Amino acid sequence: MATERELSDFLKSVEKRAFKRSLFHVRDQEAALDIVQDSMMKLAEHYGDKPPNELPMLFQRILSNSTLDWFRRQKTRNALFTTMSDFEGPDDEGEFNLLDIYNADNGDTEQSAEDHTNRKQTLALIEKEIQQLPARQREAFLMRYWEEMDIAETAAAMGCSEGSVKTHCFRAIQTLSKVLKAKGIVL
């Protein structure tokens, strides 16, 4: 059974990654925050008494389901209502940017302006290309390489077979590497 402290520490440890993952899916900062908060509340309410080693898998599954629920609600809402935002001009507020969250813990505090600019441009390009991936490929890629989950954990969280996870990841990596290579970026 997880103690209150263990649950709190776990939620703090996954907060930023869960937000980024949700944001890649929904592309709306406020909605991503709502999804993560809702997922954390569900985990605490319904599964807070589970052992600490089960929390990561439970949370990933809850987060995936909450994201799917959000898309279902959006689809229903869009089918029934015309929102005022349809009549507004483009939003001038800045969108979420991975670079805003980028942590300068790499110890390279003295970098040239050119290196800094190149790094920012590369990260922005990678972020853009990840968003262009099909939903299942993006989800598998983010779980495997962003969340550092293994294949079995990713398959359980996505509700598919391990072979499907491998296929989705392979296709995502192939797509990303082709696009980045075509733009002259070799990682």
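Which residue forms a salt bridge with arginine 5? In this predicted model, the partner is aspartate 9, and the closest N and O atoms of the two residues are 3.7 Å apart. Both residues belong to helix 1, which spans residues 4-26, and because they are four residues apart there, about one helical turn separates them. Their surroundings can be described in terms of accessibility. Arginine 5 is exposed, with a relative accessible area of 56%, whereas aspartate 9 is partly exposed at 33% relative accessibility.

This pair belongs to a set of seven salt bridges found by a search of the whole structure. Arginine 21 pairs with glutamate 139, with 3.7 Å between the closest N and O atoms. Arginine 21 is buried, its relative accessible area being 3%. Glutamate 139 is buried as well, with a value of 10%.

A further salt bridge joins the side chains of lysine 183 and glutamate 129, at an N to O distance of 3.5 Å. Here too the pair links distant parts of the chain: lysine 183 is located in the segment after helix 8 (162-182), glutamate 129 is in helix 5 (residues 113-132), and the two are 54 residues apart. The accessibility of the partners can again be given for each side. Lysine 183 counts as partly exposed, at 45% relative accessibility, while glutamate 129 is buried at 11%. Beyond individual pairs, salt bridges with shared partners connect Arg21, Arg136 and Glu139 into one network.

The cysteines can be considered next. How many disulfides does the count give? The count comes to zero. Cysteine 160 takes part in no disulfide, and the nearest cysteine sulfur to its own belongs to cysteine 169, 9.2 Å away. The reason lies in the cut-off, because a disulfide requires the two sulfur atoms to be within 2.5 Å. Cysteine 169 itself is buried, with a relative accessibility of 4%.

Methods:
Residues numbered from 1 in each chain as written. Predicted model: local features only at pLDDT ≥ 70, side-chain atom pairs only at ≥ 80, totals over all residues. Heavy atoms only, no water. Salt bridge = Lys/Arg side-chain N within 4 Å of Asp/Glu carboxyl O. Buried < 20%, exposed > 50% of the residue type's maximum accessible area, 1.4 Å probe, protein only.
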